[in-house]
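Hi,

Here is the structure I promised to pass on to you. Have a look at it first, and then read on for what turned up.

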Amino acid sequence: MILQYFTINTCAELICLIAALISLEKNRLWTSWFVIFFLFITVAAEMAAIPIKINYLKDTKHNLPNIWLYNLLLVFQVAFYNVIFSVLLDKKIYTVLILLIFFPLLSVFYIYEISQHGLFEYNELTNSIFSVEIVLCSLIFYYNLFQSDANIKLGIYPEFWFVAGVLFFFFGSTVLNLFYDSIKRILPHNKHFVGYIYNVLNILLYGFWSYSFICRKWLWRISAA
Amino acid sequence: MADISGLVIVSTIIFLIAPAFIIVYIFVYNQRKKRHILEKQQMQLTFASELTKTQLEVQEQTMQTIGADLHDNIGQLLSLTSLTLNSIELDNKAKARQKIDDSIDLTLRSIKEMRLLGHLLQGDQLVAVGLVEAIRQLVSWMERSGRFEIIYTAGDEIAANRNADKDLIIFRITQEVFNNIIKHAAATEITVDLDYAEGALELRIADNGVGFAADEAPPARHGMGLQNIRKRAGIIGGEAAIASNVGQGTQIIVSIPYP
């Protein structure tokens with residue numbers, strides 16, 4: 001019974017959370033605690049979504065009975081990534097791109113979508129804009145790294161691997177976001193392959209993050225010393 | 001159904017290849033950047049070591065010149081002064097007066113020589129006096145031997161734009177070219193021009209000496225060697241051109257980006 005909670009996604013997230021807890025245990029940085037908090041929320045939401053889905057499987061009114069949870073999780077995701085990129089990006093770029101453009105845009109679209117179809121429908125537009133924002137931020141981060149004169153060991157640079165996971169996940173899920181309408185229309189009850197793709201993307205995301213935490217705790221420090 | 005799922009899967013794979021490519025590219029670029037940084041550091045180290053070497057050579061050359069001068073010139077003058085003073089017979093006042101006058105003359109000459117040596121030592125302190133002045137001291141010292149007629153001209157702009165490292169190397173090149181002239185050229189006239197224009201410094205030293213066949217390998221006896229002059233100029237991003245013919249003197253032109 002308890003095994004039903006351990007899907008590929010939740011296992012990847014749990015491993016990442018454990019890696020974060022072990023690696024960032026004595027780290028006093030607020031970002032470390034922020035990442036742990038976000039991972040905890042994500043794992044909790046994913047695990048909560050499983051019984052909801054099972055219990056409401058016969059719900060014929062709503063196609064996706066647990067989507068409201070993901071719509072709520074989206075608020076945390078937007079907040080989390082926007083805060084994280086405030087550390088990773090140049091202040092000027094961050095202010096213009098995130099604070100002045102994307103954050104107001106996401107807020108407007110989120111409220112608009114919820115007001116249009118309620119919590120039980122996927123916030124497709126907000127998710128797509130969010131993906132564009134994160135991909136853009138990741139590419140800007142890499143561009144800055146590209147331009148930097150600093151002698152950085154990329155193989156053990158935590159920020160590099162953290163953003164790599166983010167870029168893989170959001171760039172990879174672009175197709176799913178773009179085809180979301182078509183998939184929903186053509187295959188309303190046969191979307192297993194979507195789940196498989198998300199499994200792969202989640203493994204990539206949390207795999208890279210776990211490695212990033214390991215770099216932060218051990219490799220980067222040894223190298224810096 | 002299979003169509004749309006296949007399309008989504010293939011598109012997703014393509015969308016995953018793009019970030020993978022970006023990441024690999026950044027990795028490769030970073031490796032190149034690191035190599036470039038290391039090469040730059042290596043070049044800086046080589047430059048620093050060449051500068052130190054040049055500094056030591058300049059000092060050594062100056063000390064050798066001073067040593068030789070003290071021994072051959074001032075030493076002789078002072079010995080002669082001592083002999084003259086010793087030979088004074090106080091009873092013969094007229095002769096004594098003559099000898100005292102000779103001694104005064106010898107002492108004045110010694111003082112003059114000492115002053116020139118002092119200037120030469122100042123020339124060693126390039127940072128303090130500047131390249132134009134340092135070369136002027138070198139020219140004064142060369143002229144005092146009476147063997148050479150030297151025309152030295154320097155642009156006014158150089159003093160305003162200075163680069164101590166490059167000054168040191170240019171000074172060392174000048175010193176060595178003068179050395180070669182003294183030792184091998186058998187010249188009587190020397191022209192030294194130091195010009196600054198459009199971000200470049202040009203040093204031209206020409207003599208009317210015996211010269212050599214520039215097409216062939218220059219004689220090994222040419223001091224630190226013409227190759228070394230080229231190498232030194234190259235270290236500071238410049239180049240040295242050497243034109244010479246047997247019996248027609250030698251002209252060396254060193255062009256350096258400046259400051």
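How many residues of chain A are in contact with chain B, and how many of chain B with chain A? On the chain A side there are 32, and they meet 23 residues of chain B. Please keep in mind that this is a predicted model.

The area buried between chain A and chain B comes to about 2,500 Å², and carbon and sulfur atoms give 84% of it. Salt bridges between the two chains number zero, while three residue pairs are in polar contact across the interface, both residues of each pair being at pLDDT 80 or more.

Which helices of chain A supply that side? At least two residues each come from α5 (124-147), α6 (158-172), α7 (174-178), α8 (180-186) and α9 (192-224) of chain A. Of these, α6(A) gives the most, with seven residues. By type, the side of chain A that touches chain B has 23 nonpolar, seven polar and two charged residues.

The axes of α6 (residues 164-185) and α7 (residues 226-235) of chain B come within 10 Å and cross at roughly 170 degrees. Because angles over 145 degrees count as roughly antiparallel, α6(B) is roughly antiparallel to α7(B). In this contact, B:Ile169, B:Arg172, B:Ile173 and B:Val177 of α6(B) meet B:Ile229, B:Arg232, B:Ala233 and B:Ile235 of α7(B). Six of the residues in the contact are nonpolar, none is polar and two are charged.

Notes:
Residues numbered from 1 in each chain as written. Chains lettered and ligands numbered in written order. Predicted model: local features only at pLDDT ≥ 70, side-chain atom pairs only at ≥ 80, totals over all residues. Heavy atoms only, no water. Contact = heavy atoms within 4.5 Å. Buried area = accessible area lost by both parts, 1.4 Å probe. Salt bridge = Lys/Arg side-chain N within 4 Å of Asp/Glu carboxyl O. Polar contact = N/O pair within 3.5 Å; in protein donor to acceptor, adjacent residues only side chain to side chain. Helix = DSSP H or I, 4+ residues; strand = E, 2+ residues; numbered from the N terminus. Nonpolar A, V, L, I, M, F, W, Y, C, P; charged D, E, K, R; others polar. Axes fitted to C-alpha atoms, helices over the stretch in contact; angles between N-to-C directions. Parallel < 35°, antiparallel > 145°, perpendicular 65-115°, else oblique.
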